[in-house]
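Try each task before you read its solution.

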Amino acid sequence: MDAGHACTGFPLHASILFQAPDSIIMAILNAHLEAAQGADDSGMLPVHVALAKRCSETVLNALLRAYPQSMTVRDGRGNLPIDVARKSKSLHREAYIEALE
């Protein structure tokens with residue numbers, strides 16, 4: 001995923017996509033917990049975007065608390081969040097996988 005990713009203006013998606021500081025992402029999420037359930041034009045939930053953009057463990061865990069069912073939602077390419085985590089090159093890869101299993 002790159003900066004050309006189809007973000008439809010959802011503030012939570014955009015803050016994650018453009019790698020805003022965790023405090024900004026968390027403020028948006030806390031103000032609009034239901035945003036964790038919204039898919040963008042690519043069928044990606046915020047959790048998919050966060051994993052693809054190598055988010056912090058704090059952000060991932062907050063997204064999972066806000067919408068636990070996200071672990072079973074496939075994106076537009078058919079990937080579950082665990083699939084995105086397994087493909088990640090993040091230093092947090094193992095923590096991602098542990099949180100999603």
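Buried means under 20% relative accessible area, exposed over 50%, and partly exposed in between (1.4 Å probe, protein chains only). Helices are DSSP runs (H or I, at least four residues), numbered from the N terminus. The model is predicted: local features need pLDDT of at least 70, side-chain atom pairs count only at pLDDT 80 or more, and totals for chains, interfaces and linings use all residues. Residues are numbered from 1 along each chain as its sequence is written, and side-chain values use heavy atoms, with hydrogens and water left out.

**Exercise 1.** List the buried residues of H4, then find what covers them.

*Solution.* Step one: Val59, Leu60, Ala62, Leu63 and Leu64 are buried in H4. Step two: look for contacts (heavy atoms within 4.5 Å). The cover includes H1 (11–17), H2 (22–31), H3 and H6.

**Exercise 2.** Sort the two sides of H6.

*Solution.* Start with the buried residues of H6 (93–100): Tyr96, Ile97 and Leu100. Down the helix axis they fall within an arc of 95° (taken from the directions from the axis to the C-beta atoms), so they line one face. Now turn to the face away from this buried side: Glu94 and Glu98 are exposed there. Last, the buried residues of H6 pack against H3 (46–52), H4 (57–66) and H5 (81–87).

**Exercise 3.** Which residues of H4 and H6 meet?

*Solution.* From H4, take Glu57, Leu60, Asn61 and Leu64; from H6, take Ala95, Tyr96, Ala99 and Leu100.
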